[in-house]
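Colleague: I am new to reading models like this one. Could we go through it step by step?

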Amino acid sequence: MLRGKKILMIVTGGIAAYKIPFAVRDFIRKGAEVKVVLTPSAEAFVTKLTLSTLSKNEVVSDFYNADGSWNNHIELAKWADALLIAPCTANTLAKMVSGTCDNLALAVYMSAHCPVFIAPAMDLDMYAHPSTKANIEKAEGFGHRIIPAQYGELASGLVGMGRMAEPETLVSAVEEFFIHQNGEQAFLNKKILITAGPTYEAIDPVRFIGNHSSGKMGYALAEEAARRGAEVILISGVSAEKVSYPSIQLIKITSAKEMYDEVFKYYDKVDIAIASAAVADYTPKEVSPEKIKKNDDRLSIELIKTPDILKTMGEKKEQQFLVGFALETHNEEEHAKAKLQKKNLDMIVLNSLKDKGAGFKGDTNKIQILTPNEKKSFDLKTKQEVARDILDFIQLKIQ
Ligand code: PMT
């Protein structure tokens with residue numbers, strides 16, 4: 001979607017500027033052309049050399065160059081298909097909304113007719129200040145798109161809201177815009193619920209029963225669904241994976257019971273539900289409030305069944321297109337077919353631990369898709385490609 005798109009980036013003087021080279025590199029990898037303008041204070045945080053090397057274009061920060069030539073802010077602004085201001089400091093934001101134009105970057109901004117994306121970044125008190133809030137609202141009122149700051153550790157050592165969104169989120173926000181603009185969005189106006197990752201069932205405050213799921217398969221599905229325009233609710237067990245599309249609502253849970261509760265807050269309103277999580281089938285009947293001491297040679301823990309989330313989804317199914325996963329080790333097809341029927345699914349994605357490179361943790365998977373009357377086998381692929389195959393299949397079914 002970014003191939004051939006002209007992305008103009010304005011970098012202002014905040015510590016998050018050190019992350020901008022990653023965003024430039026990502027845009028270039030995705031086929032975009034990139035030009036960068038720095039505010040004078042941004043030069044203290046990131047070098048022109050780094051940015052010009054990565055963008056393959058000259059980086060400018062002043063109206064005039066050493067040789068007396070000048071940088072035409074109007075031409076730069078006209079060149080761009082999208083303008084991304086990141087990081088955007090409180091100072092530049094205030095100048096943008098008040099029409100102050102005391103550097104090249106602001107002159108470029110004020111001359112731009114293309115969509116403008118703003119990624120604010122500042123310390124938590126500055127971000128929470130009423131003037132910043134009002135300026136963000138004003139910028140939104142101008143039709144600009146805000147890429148919200150995030151919660152986390154700040155350069156000051158404080159923890160709170162104000163961290164610039166990660167570089168991949170900046171790139172995805174722009175990409176998402178172009179996808180919408182091109183109308184290439186098979187899942188536009190569709191709500192998709194996806195479960196991902198493992199569940200952990202506590203034994204005591206220290207130990208749990210878990211499994212090897214990394215969340216990679218589910219997160220790849222969520223990213224691909226968002227790329228196709230869907231509003232995604234991703235309910236995930238413990239995972240190191242990240243989402244980049246702002247249209248993904250990420251809800252983190254730990255146990256099967258928590259996953260169940262979250263799923264049924266949203267299930268009745270979604271068009272599609274995909275259960276890729278590896279949910280524990282059993283959980284300790286009682287959780288010891290204190291660490292269990294190793295006094296005996298043996299320890300017995302009584303386990304009880306967890307709620308079968310997917311089966312309940314099948315029982316409550318109305319408008320939803322319901323997709324389950326089956327992770328098998330033997331008699332794969334037979335077991336997957338039984339789950340398809342027993343859980344009242346529209347389709348099931350079978351992966352077998354017998355196939356090298358399939359299943360847990362790795363970056364690849366090998367699947368078969370089964371519906372009540374069809375079967376399709378796929379080669380070993382990356383989980384991103386597998387996510388595409390699954391969503392292509394669903395797309396055909398719901399048309
Ligand atoms: O996360 P990764 O490391 O990328 O690995 C991906 C994966 C291997 C976890 C994924 O591809 C996968 O196979 N997910 C389903 C794993 C699983 O639990 O399969 P199952 O056959 O035991 O369960 C069948 C279906 O019922 C699944 O859709 C599961 O989400 C659902 N289920 C199971 C038990 C339960 N209590 N509630 C459920 O909803």
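Modeller: Start with a definition: helices (H or I, at least four residues) and strands (E, at least two) are DSSP runs, numbered from the N terminus. This is a predicted model, where local features need pLDDT of at least 70, side-chain atom pairs count only at pLDDT 80 or more, and totals for chains, interfaces and linings use all residues. Residues are numbered from 1 along each chain as its sequence is written, and side-chain values use heavy atoms, with hydrogens and water left out.

Colleague: Which element gives the largest share of the shell around the ligand?

Modeller: A residue is near a molecule if one of its heavy atoms lies within 4 Å of it. Three elements each supply at least two residues of the shell: α9 (216-227), α11 (309-315) and β16 (321-328). The largest share is 4 residues, and it comes from β16.

Colleague: How many charged residues does the shell around the ligand have?

Modeller: Ala, Val, Leu, Ile, Met, Phe, Trp, Tyr, Cys and Pro count as nonpolar, Asp, Glu, Lys and Arg as charged, and the others, Gly among them, as polar. There are 29 residues around the ligand. The shell has 13 nonpolar and 9 polar residues, and its charged residues number 7.

Colleague: Which residue has a side-chain N or O atom 2.6 Å from an oxygen atom of the ligand?

Modeller: Look for polar contacts (pairs of N or O atoms within 3.5 Å; within protein, one must be able to donate a hydrogen and the other to accept it, and residues adjacent in sequence count only if both atoms are side-chain atoms). Phe325 uses a backbone N or O atom, 3.0 Å from a ligand oxygen. Leu327 also uses a backbone N or O atom, at 3.2 Å. The side-chain atom at 2.6 Å belongs to Ser213.

Colleague: How much of the ligand's accessible area does the protein cover?

Modeller: Accessible areas come from the Shrake-Rupley method with a 1.4 Å probe; for residues, only the protein chains shown count as cover. On its own, the ligand has 770 Å² of accessible area. The protein covers 95%.

Colleague: Is Asp204 buried or exposed?

Modeller: Buried means under 20% relative accessible area, exposed over 50%, partly exposed in between (1.4 Å probe, protein chains only). Asp204 is in the loop between β9 (201-202) and β10 (208-209). Its relative accessibility is 3%, so Asp204 is buried.

Colleague: Which residue's side chain joins that of Asp204 in a polar contact of 2.4 Å?

Modeller: Asp204 also has a side-chain polar atom 2.7 Å from the backbone nitrogen of Val206. The side-chain partner at 2.4 Å is Arg207.

Colleague: Which residue has its backbone oxygen 2.9 Å from a polar atom of the Gln320 side chain?

Modeller: Gln320 is in the loop between α11 and β16. Gln320 counts as buried because its relative accessibility is 4%. A polar atom of its side chain is 2.7 Å from the backbone nitrogen of Glu318. The backbone oxygen at 2.9 Å belongs to Tyr267.

Colleague: Why does Met161 count as partly exposed?

Modeller: Met161 lies in strand β7 (residues 159-163). Met161 and Tyr127 are 34 residues apart in sequence, yet 7.0 Å apart in space, C-alpha to C-alpha. Met161 is partly exposed because its relative accessible area is 35%.

Colleague: What share of the residues in the protein chain is buried?

Modeller: The protein chain has 13 helices and 21 strands. It has 399 residues, and the buried share is 50%.
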